Amino acid sequence: MFMAAILWESVIASVYWSILWPGDRGKHEGSWYYWNAGDHAAPIILLTIDFLLNRIYFELNQIWPNIAVFLVYGLVNIGVTYGTGKPVYDPISWDSVGSWCLGIAMIPLCALYFLMWYFLTKCKFRAMQMHDSIQYVPTPSITAETQQNDES
């Protein structure tokens, strides 16, 4: 769950602050402006702190289910946009080549964020020597030779 949360929040924060926020600046006034900005900043900040402080590990093979969920969300977004006639996100209206390119660009963006978190995991575990924090005790195997020694 954490992996999906930080992956989605990475995409949400980068898309919001780079594409959607400039259009939102005039829409929200007063405290709502700060609430909306905090709503798109606090989750990624807190999840990143959680990632840094805990032994959260990204495995490369987990990219596929995360991309699959992302694709399903994209299909739902297209369905809602065409079903209601109003885009979920104004820049991704699915009615022009540019908006389709922007929408489809979310898939490699999601994959790149996953790879970023994967490599940050590798760096974190190496730098903090987290891979050595568990003491692995070899278990003795019982062989014919050890059985004979025990019997005598």
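This is a predicted model: local features need pLDDT of at least 70, side-chain atom pairs count only at pLDDT 80 or more; totals for chains, interfaces and linings use all residues.

Colleague: Where does Leu 46 lie?

Modeller: Leu 46 is placed in helix α3.

Colleague: Which residues have the most contacts inside the largest nonpolar core?

Modeller: A core of this kind is a set of buried nonpolar residues joined through side-chain atoms. Here the largest one has 26 residues, and Ile 6, Val 11, Phe 51 and Phe 58 have the most contacts inside it. At least two residues of this core come from each of α1, α3, α4 and α6. The greatest contribution is that of α1, with 9 residues.

Colleague: How many aromatic pairs are there?

Modeller: Two rings pair if their centres lie within 6.5 Å, and by this rule there are 10 aromatic pairs. One of them joins Trp 8 and Phe 70, with 4.8 Å between centres and 45° between the planes, a tilted arrangement. Trp 8 belongs to helix α1 (residues 2–24) and Phe 70 to helix α4 (residues 63–84), so this pair links distant parts of the chain, 62 residues apart. Phe 70 is buried, because its relative accessibility is 9%.

Colleague: What is the geometry of the pair formed by Tyr 57 and Phe 125?

Modeller: Tyr 57 and Phe 125 are edge-to-face, at 5.2 Å centre to centre and 70° between the planes. Tyr 57 is in the loop between α3 (42–53) and α4, while Phe 125 is in helix α6 (residues 106–127); the pair therefore ties together parts that are 68 residues apart in sequence.

Colleague: Which residues do ring pairs link into a cluster?

Modeller: The cluster consists of Phe 51, Phe 58, Phe 114 and Trp 117. Over the ring of Phe 51 sits the charged end of Lys 124, 4.0 Å from the ring centre.

Colleague: Which residues form the nonpolar patch on the surface?

Modeller: The patch is formed by Val 72, Tyr 73, Val 76, Val 80, Val 88 and Tyr 89, and together they have about 470 Å² of accessible area. Of these residues, Val 72 lies in helix α4.

Technical notes: Residues are numbered from 1 along each chain as its sequence is written. Side-chain values use heavy atoms; hydrogens and water are left out. Rings of Phe, Tyr and Trp (its six-membered ring) pair if their centres lie within 6.5 Å; planes under 30 degrees apart count as stacked, over 60 as edge-to-face and the rest as tilted. Helices (H or I, at least four residues) and strands (E, at least two) are DSSP runs, numbered from the N terminus. Buried means under 20% relative accessible area, exposed over 50%, partly exposed in between (1.4 Å probe, protein chains only). A charge sits over a ring if NZ of Lys or CZ of Arg is within 6 Å of the ring centre and within 35 degrees of the ring normal. Patches are made of residues with over 30% relative accessible area and no salt bridge: like charges are joined within 9 Å, nonpolar side chains (Val, Leu, Ile, Met, Phe, Trp, Tyr) within 5 Å. Accessible areas come from the Shrake-Rupley method with a 1.4 Å probe; for residues, only the protein chains shown count as cover. A salt bridge is a side-chain nitrogen of Lys or Arg within 4 Å of a carboxyl oxygen of Asp or Glu. A nonpolar core is a set of buried Ala, Val, Leu, Ile, Met, Phe, Trp, Tyr and Cys residues joined through side-chain atoms within 4.5 Å.
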